[in-house]
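Here are some short notes for your review.

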Amino acid sequence: MSPTLTDASPVFTDPADSLAIMERTRSTAETFGIPLAVLAELTHRCPLQCPYCSNPVELDRGSTELTTDEWKKVLSELAEIGVLQIHFSGGEPTARKDIVELVQHATDVGLYSNLITSAVLLTLDKLSALADAGLCHVQISFQGNEPVVADRVGGYRNGHVKKLEVAKWTRELDLPLTVNAVMHRQNLHQLADIIQMAVDLDADRLEVANVQYYGWALKNRAALMPTIDQIDETSRIVEDAQVRLKGILDIDYVVPDYYALRPKKCMGGWGRQFFNISPSGKILPCHAAETITGMEFESVRSNHSIAWIWQNSEAFNRYRGTGWMPEPCQSCEFKEIDFGGCRCQAFALTGDAGNTDPACTLSPRHAEIFKLAETESTEGRDRFIYRNFKGGTLEPDADDVHGR
């Protein structure tokens, strides 16, 4: 049987140990920064089957998930080491029956809490209980601006209508709202209407997030990849809206990596500001880190504290800073701006996470992935590969949008 957090050594039992850990935290902070926010993936269970899902191909089973007490101990430890924000995610975090209790504990230990949700399992009573427990923010994913496209993408009948209802409840409860619009070739034609939908819902913020191709999304890349004309039009629409809606709606825009000129500062740089905790308790430098084969990740169920794992684990230190970088990254004037871009993407596209991110024009693979994007975006594949909860795939007809 795997050890639980209760079996592990306490994090801050001895004052001398506490002081030593905090001293090392300060030392690490001077070099790499401190973890400001953590994504807590409470479960991989989800009623939706979005073809762009960035969760691993092999999902954590419900039987391996951290218990309520384990998650509460994790939240306490995160607050102790200086984490400011906790983002409850999944899968679908509200599939956990203890979600209100976990939000309440986050509030009790002083963490700002954000619920990242598909919203389809929420009731008004449950959302009210979350608000009473101190929930600070709600982020709802939308797959389109109307049911035909949105429900087909999400693989869940009447999901879009429920999302609109929960968004309205969110604002009635005076909770800040972010609309997360995951965009791709099959819904980008709705972008202008999605922006207006966010305004109509009184959202504070809109994420126009083009699909990133990790995990299950990589299986659907050919059906999701936008054309270069769509990206040009998307950029125009977003830039116009950012000016027109200034002071009304904050709009963040994520350009697809395959069409980018420079790599993104992924997660603020590997092991610099953020980390993820998987449903089974693995501590990951980023959401998709488990896609990099050959890496071992420490667990909150180990005998190491989260502070120790953040500072000392091999996985966090492998791509920290700039010393690991190959050429041309090592000589690049931007190396301490983008910190080499995305290691998961480098692995997915080149087979080596230590290679230059192909999103960068200096990568020898950049022209290749740009051409790949152009080809896949125009070859006409529209059918999605959905996964069911046993890890298999199914490919329903366009009108078969039942969640499974």
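1. Arginine 221 has a relative accessibility of 13% in this predicted model. The cut-off for buried is under 20%, so arginine 221 counts as buried. Glutamate 376 is buried too, at 11% relative accessible area.

2. These residues form a salt bridge: the closest N and O atoms of arginine 221 and glutamate 376 are 2.8 Å apart. Arginine 221 lies in helix H8 (residues 221–224), glutamate 376 in helix H14 (residues 366–378). The pair therefore ties together parts that are 155 residues apart in sequence.

3. Arginine 205 pairs with glutamate 207 in another salt bridge, with 2.7 Å between the closest N and O atoms. Arginine 205 is partly exposed, at 25% relative accessible area. Glutamate 207 is buried, at 18%.

4. Which residue forms a salt bridge with glutamate 368? The partner is arginine 365, and the closest N and O atoms are 2.8 Å apart. Glutamate 368 is partly exposed, with a relative accessible area of 43%. Arginine 365 also counts as partly exposed, at 26%.

5. Salt bridges with shared partners also join Arg45, Glu65, Arg96 and Asp98 into one network. The search of the whole structure finds 17 salt bridges.

6. Now the chain as a whole. The protein chain has 14 helices and 11 strands. Of its 404 residues, 55% count as buried. Among contacts with a separation of 6 or more, 72% come from residues 24 or more positions apart.

7. The accessible surface of the protein chain is about 17100 Å². Carbon and sulfur atoms account for 52% of that surface.

Technical notes:
Residues numbered from 1 in each chain as written. Predicted model: local features only at pLDDT ≥ 70, side-chain atom pairs only at ≥ 80, totals over all residues. Heavy atoms only, no water. Helix = DSSP H or I, 4+ residues; strand = E, 2+ residues; numbered from the N terminus. Buried < 20%, exposed > 50% of the residue type's maximum accessible area, 1.4 Å probe, protein only. Contact = heavy atoms within 4.5 Å. Areas by Shrake-Rupley, 256 points an atom, 1.4 Å probe, with all protein chains shown as cover. Salt bridge = Lys/Arg side-chain N within 4 Å of Asp/Glu carboxyl O.
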